Amino acid sequence: MKIFKNRAVAVLLCVLIVIASTLLSTNVKLGREADGVSDGFYKGVTYDGYKHPAISDQLNNICGAADGLASLVAKYGYDVVTLKQCSVELKSMLDQRSSAYTTVYAKFRELLDCIETLKLEYSGLGLSERDTSGVEQYFSTVSSASEVIGSAEYNDSVQQFKRSYLDRFPGSILAKLAGVDAPELFARA
């Protein structure tokens, strides 16, 4: 125990304790802040004084519209396997909340591509007037939800977090050392 009575060892222990507590505090506080920003994907964000809707809610609206489209055009022989599969996979990702937002974004884009293909081809299916009206309403729902996603400001809140905490000294270094993960953008990687 004489080693602990040595002045150099005592100073070294104090320095190590200060560093460890700083990293722990950074991990807890900055990690909580980063998680709050990430939660905006599912809860919506308040940015520039305005409450923006959650991207996940809009993605669920698009999945619902895709399911409605699939049920309408399947009656006319249109192949809806890929459309249904994309919708199911996207809903599963949203329900599990474990997928990376870049993966969710890629599936969202794949689903939109299926819907766009259907939009180009549905007029040749010979839909009834009622079904045509339903298809157009579903397309309108997809369009509206996509516009809301485009203006949701989630990505701006992520960028603001990064500028405020992770792009400055000492936050940039402390965050890396403490293992704080930055919130993920809803975009391509």
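This is a predicted model: local features need pLDDT of at least 70, side-chain atom pairs count only at pLDDT 80 or more; totals for chains, interfaces and linings use all residues.
Leaving aside its neighbours within four places in sequence, which residues is L83 in contact with?

1. **L83 and its contacts.** Once the neighbours within four places in sequence are set aside, L83 is in contact with A66, L69 and A70, and also with L111, C114, I115 and L118. L83 is also listed among the residues with the most contacts inside the largest nonpolar core.

2. **The core itself.** The largest nonpolar core runs to 49 residues. Along with L83, the residues with the most contacts inside it are F41, L59, F108, L111, I115 and F186. The elements giving two or more residues to this core are helices α1, α2, α3, α4, α5, α6 and α7 (171-178), plus the strand β1 (45-47). Helix α2 supplies the largest share, ten residues.

3. **Aromatic pairs.** Searching the whole structure turns up eleven aromatic pairs. Take F41 and Y154: their ring centres are 5.9 Å apart and their planes sit at 75°, so this pair is edge-to-face. It's a link between distant parts of the chain, with F41 in helix α1 (residues 7-43) and Y154 in helix α6 (residues 154-166), 113 residues apart. Both F41 and Y154 are buried.

4. **Charges over rings.** Another case is K119, which lies over the face of F139 at 5.3 Å from the ring centre.

5. R97 is in the loop between α3 and α4, and its phi is near 55°, a positive value in a residue other than glycine. R97 is exposed, at a relative accessible area of 52%. E153 also has a positive phi, near 70°, and is likewise not a glycine. You'll find E153 in the loop between α5 and α6, partly exposed with a relative accessible area of 23%.

6. **Salt bridge D67 to K91.** The whole structure has five salt bridges. In one of them, D67 and K91 bring their closest N and O atoms to 2.5 Å apart. D67 is in helix α2 (residues 55-74) and K91 in helix α3 (residues 81-96), so the bridge ties together parts that are 24 residues apart in sequence. Both ends are partly exposed: D67 has 27% relative accessibility, and K91 has 26%.

7. **Salt bridge K75 to D131.** Here the side chains meet at 3.2 Å, N to O. K75 sits in the loop between α2 and α3 while D131 is in helix α5 (residues 129-150), so this pair ties together parts that are 56 residues apart in sequence. Are K75 and D131 buried or exposed? K75 is exposed, with a relative accessible area of 56%, whereas D131 counts as buried at 8%.

8. **Salt bridge K107 to E89, and its network.** The closest N and O atoms of K107 and E89 are 2.4 Å apart. K107 belongs to helix α4 (residues 101-121) and E89 to helix α3, so parts 18 residues apart in sequence are tied together. Salt bridges with shared partners then bring in E110, making one network of E89, K107 and E110. K107 counts as buried at 11% relative accessibility, while E89 is partly exposed at 27%.

9. **Cysteines.** How many disulfides does the structure hold? The count is zero. C86 is in no disulfide, and its nearest cysteine sulfur, from C114, is 4.0 Å away. C86 is buried, with a relative accessible area of 1%. As for C114, that residue brings us back to the opening question, as one of the contacts of L83.

Notes: Residues are numbered from 1 along each chain as its sequence is written. Side-chain values use heavy atoms; hydrogens and water are left out. Rings of Phe, Tyr and Trp (its six-membered ring) pair if their centres lie within 6.5 Å; planes under 30 degrees apart count as stacked, over 60 as edge-to-face and the rest as tilted. Helices (H or I, at least four residues) and strands (E, at least two) are DSSP runs, numbered from the N terminus. Buried means under 20% relative accessible area, exposed over 50%, partly exposed in between (1.4 Å probe, protein chains only). A charge sits over a ring if NZ of Lys or CZ of Arg is within 6 Å of the ring centre and within 35 degrees of the ring normal. A salt bridge is a side-chain nitrogen of Lys or Arg within 4 Å of a carboxyl oxygen of Asp or Glu. A nonpolar core is a set of buried Ala, Val, Leu, Ile, Met, Phe, Trp, Tyr and Cys residues joined through side-chain atoms within 4.5 Å. Contact means heavy atoms within 4.5 Å. A disulfide is a pair of cysteine sulfur atoms within 2.5 Å.
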